Amino acid sequence: MDIDQVVRLIEGLYSPQPSQDVGTIQQELQSIQKSDDGFLLANELLSNIAYSPNVKYFGALTLTVQLSTNVDSYEILWKIFKANLLHLVKFCSQYVKDSSNSASLLIIIKKLMSNLSLIFTNINEWSNVETSGSAITHWNNPVNTVVLMLSHEEQFSSRNWQDTLETDQLIHHLANSPVPYDKLMLFIKTSEFYNKLALMFTEIIVEDLTKFQSKKGTMNKMYEIVHEHLYISTMALINVNLAEWHVSEDILYNCIGAWINYISMARNVSPYGRMDLSEMFDNMINRMCQSTEATDGFYQAEKILGILANVFANDPIIMGHPQREELEVIFLGVSRTGSANSIKNNWMLQYMNYLVTNEMTDDLKELAVCVVDFLLVNTLDMCNKLFTVVSSPKFNGDNLQQYIKVLLQLTNFPLIPVLQEFFSVRMVDFWLDLADCYSNTVAETYTESAPQLATEIFQQVVSIYLPKISLLNKQKAMEAENDDTAMHEFDDFRSAIADLMESLWSILGNDKLTNILITGVGENTLSTDGTSSVDIFEVETMSFLLNTLLTDMNLRESPWICDILDSCEFFVGNILMLFQVGCESSADSIVARTLKLDFVRTGSSLMGTMAGYFQQSPSQLSTCVDALFQGLEKCTIAASPADTQLNDKLEVMIIKTISTLCDACRYEISPYLMQFTTVFKTIMRPDSNVSTFTREKLTRSLGYIIEAQVENGPERQAACMLEILSTIESYVQQALTISELPSEQQRGYLHCMLTCISELGTAMIHSSEEENETFVQRVAEFRNYWKLDPLQISSKVLNLLQLVLSNPAYAKDMAFVEVACLILGKALGLPYENPHFLKYSMKEIMEFLLNHISTTDVALALPYYVYLLEKLIKQYKDQLSPQDFDFLFENFFLQYYQSAILHDPDLLQTTINFVNSVLDSKPGLVVHGAYWTSFLLPEFIKCLSAKERFTIVAVTKFWCKVINNKKYIREDNELTRHQFVLIGQEVVYQTMFGLFHSQRSDLSSYTDLLRTTMAKLPLQTPKWLAAALPAISKNNAAHEKFISKLSVTRGSRAANNVILEWWLSCNALPSL
Amino acid sequence: MSSLCLQRLQEERKKWRKDHPFGFYAKPCKKPDGSMNLQRWEAGIPGKEGTIWQDGVYPITIEYPDEYPSKPPKVKFPAGFYHPNIYPSGTVCLSILNEDQDWRPAITLKQIALGIQDLLDSPNPNSPAQEPAWRAFLRSRAEYDKKVATQAKQYVK
């Protein structure tokens, strides 16, 4: 391909509408770039003045490809180095002479600079290189080299920028010649473009070095060279640019940013990475303070603050102490050590004023981030100075008080947080850090006044934040913004304040925080004339924070808090008002809906959290429950789809609170059983507009109250339950009378009715932790009652289940099978002495299942049956015989084994797990059964070579239990050991066969089985392995190693490695 | 706790406070004496909008071992949490939390939290950790969706 064709291809590549496929062009060009002709091509593309910038850029790119292709040849590197330098100097010269017409050269210049930065690393890191003598073996300072070459530009241009003997000698001479400071200054003052190019070059070099670091590990020699040479010239360049008013600011600041990043990285990996930046930071700070609205519209300040923000966020210690102190004075007007300079702080005030006046919220946010990150650097020091005796003798207490005052003012920035200002938002981190520092400080080091001072400061912090996190501000923020961001940011702000309160609690305690909030919520109420003296937003804010604090407390065991709550007569009333305002407020916009939700959430959560208090002081409990039910009722009225969505959320919040209160205060609430029952009957109606979740939760809540009806004995409980179950029964029968196929809604409703029975059953399980005294005294009476069950409640439930499942549509619906099994198994596992209305006998459950199995789809129902059967065996194991197990196994598994179970790995696994659970519970039932040797052992040997992980895990567990089972009695043990010795060879073969053919990620599933077999049968297992392995894989060396290692390996991890090693070796994969 | 572990956890806390995705929360637990236990965190993962998980914020605990960050933290949902890749004990089965798989010391709390949020709606059926959810996810999507929606109500935002 000739050069013209190549040029056409390149132009095609960069054309917006290429004439041929770009992929094909790239492939063709890449092959030339990588070829031996690549270097010549690059030279030609970069030399011919007629070529477009795209073509020239491609030339520079070709040099990059050549650099990465010829990584082993120092001679080629040297050749590329010279060519790159010559082209770079040529283009720089052209650019400086006519920058306006040569702007397009910049991209080529940057690429060539980047190539040289790579060469810079390669030359210096190429240790012990042997060259023909014509190449340099180290390169100190690429910037100096380019400066010198540009100063000798005519000598190169007269050779037409070619690599000749003369230019070669000159490059040799100039490559490592020093450039004194004066000469460098003279050079950059010759032209602003020289200055710009020099800054750009040094920036590119350190950016690349920062990038290379992660790829190459340590580059000690490079750090040393950069430290000794490039750093010195660069600092000279940067400082003169900062001190004098140059125009190329962006390039200057990019260069500064790149150097800070480089030093930040390098100082952690090399002693040569530590470089002093004091002069640079001094100059930056001075320049920042010279930037005003009048001079540059604070443009320079913004750039410098951006860099400082990056420093404080990532590596604040890179800035020396004097500079940080100076910044402290600028930012705050005062420093911790006592320096003060109102003039410099005036600049800061002017800048903030400018940002506020011009509503430059984003810039104000960046400033806040920068200032607070800066403050966070010194929190520990500040904590020591404020609160401890560990402070320097120079420390001036008054000054620090002033310092704190400024920080509090900053926190109390007089605008709307999130929307207009971010200082208060970011300052949360500072106060949280300070609070943590204070709490973690050894108490002995506190000054005498520390606790008092801490209290004063943090109480002010609380006072500042209370109005800041008001939902009024959230409302304003949401109204001003079109997207959700403001809402989310505000919610985050509130959560951060809640976290802060938790930390402050350990300093302020209940006295100065919890009680203050309680009083704040409960000290006022509506005045008699109806005008409100209560700010509902204030109540919300305090309730929100109070909820965070009270959640961590057990109010039932906190009499002091309960006393305070009692003493605030309007407290509960105001919480209710908050909740009711939320329920009744309009929902005509997104903002209104959000606030409504927030009000209801805060009100209902706090009511739930106060359950412990209501146990102590139940007088207002019923009012709360009434309000919650009224709120629930309102949720059933929806005017629009948006309302429905909102109501769903409100409904869930409210019913959860009701349930929490009923659970915790079941005894206190029990006088209201009738009202609850009435509500229950209403919401259970098919036409009631509430969710199934609410129906189920309410049934459980009602169950808690019924569970608490112990005073009048079991008869009272039974009567209540009968009423509930009769209601459910009638609705179920009503639903079943509909002759046509049930709709999805009907199905859901019917399923919900059964789930409610299950929920009632759950609620009636007595908690052993919170035993009621009366119940404990009368437990025998309850037990006897439920044993006899005179109202036939358990039969009623059983009949209802049978009725539903006799309908073919529901018999094969697994949701119904599941809930039926849940109900029947509800009381299985409860201790014998615990009474429960859902205690069924083995016979009842078996009859139910056997009846049902013929009408359902066994393949789908089996997992639910197994859940029940496992519980059944655990409960009645002492009454069961191996024959019973055989009967059960035959009817639920064996009959369906060939037709359904064997072909479905899930069912197979379910079956194996069932047997495993019996082996865990009472192994004698299975090992002495008829199917043990005739079916289970031979079948489960086959399963060892299954492919599915679940099956493998289940079956290896089975064999582990066969070999090693703590539940065995002596007869079981002797029998199974004898049996295993007979089949051990086959088990081991199938195990190893399965293991060999399994995926790498499944190997560990076999570890326990192999370890157990080896441990329990140490003599036989190696022989079995030796016989089995050659038939699986022809790798005797690996087998021998495996057997010998496995027999001495202890621990699961080590055994895993032995197995993996064998597997890799036999599968011809690289070893570990 | 090693100094490396402590330093890194303090750094994680700082980073999280400064930058975390909306709707998530994470904070170290308190010891009985009220001091902070940096090795055990409580966090909340909101379900992604537009998914069946969207209505809930799901609580997790994160336990950092002494060897952290060489070893990954153990992340747990409440026991019995319904998801194909969550073990019955609540432990999360996720490659970035597995020392033998994709764990790297550079992985941050934010990445873990986002990884778990992703996992909620994109279960990996090839790495099942519990049977009921895994089975329903593969065989009966309607049942799976319904159970997830009910669970979301339990952890409503």
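**View 1. Two domains of chain A and the gap between their centres.** In this predicted model, the C-alpha centres of domain 1 and domain 3 of chain A sit 59 Å apart. So where does each domain run? Chain A splits into domain 1 (509–665), domain 2 (672–766 + 773–876) and domain 3 (887–1071).

**View 2. Where chain A meets chain B.** Here 17 residues of chain A are in contact with 16 residues of chain B. Four helices of chain A each bring at least two residues to the side that touches chain B: H22 (423–440), H25 (485–522), H32 (641–664) and H41 (814–825). Which of them gives the most? That's H25(A), with five residues. Sort this side of chain A by class and you get seven nonpolar, four polar and six charged residues.

**View 3. Strand S3 of chain B and its partners.** S3(B) pairs with S2(B) (residues 36–46) in the antiparallel sense, over seven bridges. Look for Ile45(B), which stands opposite Tyr58(B). S3(B) also pairs with S4(B) (residues 74–76), again antiparallel, this time over three bridges. In that pairing, Glu63(B) stands opposite Lys74(B).

**View 4. The nonpolar cores.** The largest nonpolar core has 317 residues, and Leu88(A), Ile823(A) and Val955(A) have the most contacts inside it. Helix H25(A) gives the most to this core, with 14 residues. Zoom in on Leu88(A): leaving aside neighbours within four places in sequence, Leu88(A) is in contact with Ile109(A), Leu112(A), Met113(A), Leu116(A) and Val146(A). There's also a second, separate core of 34 residues, and Leu97(B), Trp134(B), Val148(B) and Ala152(B) are among them.

**View 5. Around Ala1038(A).** You'll find Ala1038(A) in helix H52 of chain A, which spans residues 1036–1048. Why does Ala1038(A) count as partly exposed? Because 19 other C-beta atoms lie within 10 Å of Ala1038(A), and a buried residue needs 20 or more. Leaving aside neighbours within four places in sequence, Ala1038(A) is in contact with Trp1062(A), Ser1065(A) and Cys1066(A). Take Ser1065(A): it is 27 residues from Ala1038(A) in sequence, but in space the two are 6.5 Å apart, C-alpha to C-alpha.

Notes: Residues numbered from 1 in each chain as written. Chains lettered and ligands numbered in written order. Predicted model: local features only at pLDDT ≥ 70, side-chain atom pairs only at ≥ 80, totals over all residues. Domains from an automatic or database assignment. Contact = placed C-beta atoms within 7 Å. Nonpolar A, V, L, I, M, F, W, Y, C, P; charged D, E, K, R; others polar. Pairing = 2+ DSSP bridges. Core = buried A, V, L, I, M, F, W, Y, C linked by C-beta atoms within 7 Å. Buried ≥ 20, exposed ≤ 12 C-beta atoms within 10 Å, placed from the backbone.
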